[in-house]
Amino acid sequence: MIPVYTPEQFITAFISRKTKKQAFEDEVLTTVKEVLENVRNNGETALKEYTLKFDGGIPEKWEVSDEERKEAWKQVPEELIEALKKAADNIQKFHSKQLQQSRMMEMTDDIISGQLFRPIDRVGVYVPGGTAVYPSSVLMNTIPAVLAGVREIVMATPARGGGSITPILSVAADIAGVHKIYKIGGSQAIAALAYGTEEIEPVDKIVGPGNAYVAAAKSLVFGDVGIEMIAGPSEVAIIADETANPKFVAADLIAQAEHDEKARAFIFSTSERLVEETLAEVKRQCAELPRKEIAQASLMNEGAAVVVRSIDEAFQLVNALAPEHLEIQVENALQYLSKVKNAGSVFIGSYTPEPVGDYFAGPNHILPTSGTARFSSGLSVDDFVKKTTFVYYSEEALRSAAPYIEKIATEEQLDGHARAVKVRLEK
Ligand SMILES: NC(=O)c1ccc[n+]([C@@H]2O[C@H](COP(=O)([O-])OP(=O)(O)OC[C@H]3O[C@@H](n4cnc5c(N)ncnc54)[C@H](O)[C@@H]3O)[C@@H](O)[C@H]2O)c1
Ligand SMILES: N[C@H](CO)Cc1c[nH]c[nH+]1
Ligand SMILES: [Zn+2]
């Protein structure tokens with residue numbers, strides 16, 4: 001069910017830049033532009049109009065009350081709460097190592113320079129509330145922001161028919177440290193977060209995945225607020241040799257494919273036998289899956305199996321592809337880490353399936369997709385921090401720098417720049 005490609009065919013179909021970037025559909029862009037403009041100009045009135053239209057009801061209050069947040073805990077099984085707390089702990093530990101202190105770059109009697117690290121003041125976390133309800137994404141989006149020291153973290157998620165939000169999302173928000181939760185969804189939520197309404201204060205940055213309306217809205221508000229990225233469909237590339245277990249490889253391809261029909265799962269192997277056995281396993285394992293239609297469609301239309309001539313060739317293809325997730329299931333897998341140039345996150349060896357990272361190990365699961373790992377990274381504490389440089393020069397330091405500054409300023413025909421130096425040194 002997964003189509004087999006030669007390396008050359010794979011390059012043409014999946015790596016060539018000409019076949020790549022997906023644009024938003026016209027219908028989505030038209031709706032989202034209207035929503036953004038209307039909410040920006042008319043605040044609450046427009047937010048209510050779209051919430052009624054797209055989510056089937058307006059909540060009494062946008063903000064989830066303390067009582068509702070308390071009540072949600074009673075509706076979630078204890079073992080699930082325990083699992084989320086354990087995962088949160090690991091995510092917290094991993095991300096706490098990413099924290100950086102403000103620092104001096106140079107410090108003499110005459111010159112001081114350095115960098116200040118300051119948290120973003122207010123962050124909005126969008127959490128999908130439609131088909132995919134992922135408490136793990138609440139943890140992944142929020143914990144780095146809390147660690148960075150963001151003063152206020154607000155979460156937006158739709159409440160169907162104006163009722164309650166999904167209880168597990170509220171519990172995950174409490175565990176992660178979300179300050180306020182709003183019952184709003186879709187592009188109207190992104191508009192309210194970016195521009196504010198009479199009741200909702202605007203944020204400085206919006207993070208979190210969502211459907212096409214949410215993604216289009218994030219891309220359009222970028223510039224007025226920050227965003228972390230526009231996530232495309234989830235993807236995994238697996239490099240496997242003849243020592244890999246076809247059952248494990250098949251299970252990992254399926255784990256990715258079940259996300260949605262556009263998810264992409266690829267295997268690159270030096271062993272034709274392994275590819276054949278993996279494909280047979282995929283068929284068998286898919287049949288047992290509740291989301292088999294989604295997984296089958298994804299594997300058939302977006303998946304690929306490639307027999308490569310060497311592990312080196314597999315890495316060349318993968319580095320050109322720059323996948324969101326890379327699994328290395330070869331003998332002595334750890335030794336191959338040095339060959340990775342472009343990938344969002346790497347899973348090493350046969351006992352590290354990608355869901356270990358989705359849920360538990362500690363690294364973030366909000367990762368660059370669609371080849372963007374060539375130039376960007378997964379969500380981290382850095383996404384919630386601004387770096388401000390600073391410089392101090394004494395009169396002596398300015399005197400010795402003046403000839404150089406004046407030379408460059410004159411070349412740029414910016415005499416005012418040169419004068420700002422000169423005027424201080426005239427006696
Ligand atoms: N990468 C990740 O980590 C990750 C995690 C979770 C979810 N996701 C992705 O997020 C997406 C979730 O989508 P979803 O739809 O379930 O939830 P969502 O919350 O993103 O979108 C639902 C909202 O979209 C709006 N909407 C729906 N139809 C509309 C229309 N015709 N016009 C205008 N607005 C409309 C509604 O307001 C609704 O509340 C999926 O694509 C999923 O794969 C990704
Ligand atoms: N694999 C997804 C994108 O990295 C994240 C996720 C959430 N839940 C399960 N998986
Ligand atoms: Zn996943």
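Which residues surround ligand 2? The model is predicted: local features need pLDDT of at least 70 and side-chain atom pairs count only at pLDDT 80 or more, while totals for chains, interfaces and linings use all residues. Residues are numbered from 1 along each chain as its sequence is written, and chains are lettered from A and ligands numbered from 1 in the order in which they are written.

**View 1. The shell of ligand 2.** Tyr134, Ser136, Ser137, Ser234, Asp358, His365 and Leu367 surround the ligand (C-beta atom, placed from the backbone, within 6 Å of it). This shell comprises 2 nonpolar, 4 polar and 1 charged residues (Ala, Val, Leu, Ile, Met, Phe, Trp, Tyr, Cys and Pro are nonpolar; Asp, Glu, Lys and Arg are charged; the others, Gly among them, are polar).

**View 2. The crossing of helices H3 and H6.** The axes of H3 (residues 66–74) and H6 (residues 167–176) come within 8 Å and cross at roughly 105° (lines fitted to C-alpha atoms over the stretch in contact, with angles from 0 to 180 degrees between N-to-C directions; helices are DSSP runs of H or I, at least four residues, numbered from the N terminus). H3 and H6 are therefore roughly perpendicular (65 to 115 degrees). Arg69, Ala72 and Trp73 of H3 meet Pro167, Ser170, Val171 and Asp174 of H6 (C-beta atoms, placed from the backbone, within 7 Å). By class, this contact has 4 nonpolar, 1 polar and 2 charged residues.

**View 3. Positions listed by UniProt.** Under "binding site", an unreviewed UniProt entry lists Gln256, His259, Asp358 and His417 (in the numbering used here, with feature names shortened; annotations may be inferred rather than shown by experiment). These positions span 162 residues in sequence and their farthest two C-alpha atoms are 56.0 Å apart, so they do not all gather at one spot. Asp358 lies in helix H13 (residues 355–359).

Terms used: Helices (H or I, at least four residues) and strands (E, at least two) are DSSP runs, numbered from the N terminus. Angles under 35 degrees count as roughly parallel, over 145 as roughly antiparallel, 65 to 115 as roughly perpendicular and the rest as oblique. Two residues are in contact if their C-beta atoms, placed from the backbone, lie within 7 Å.
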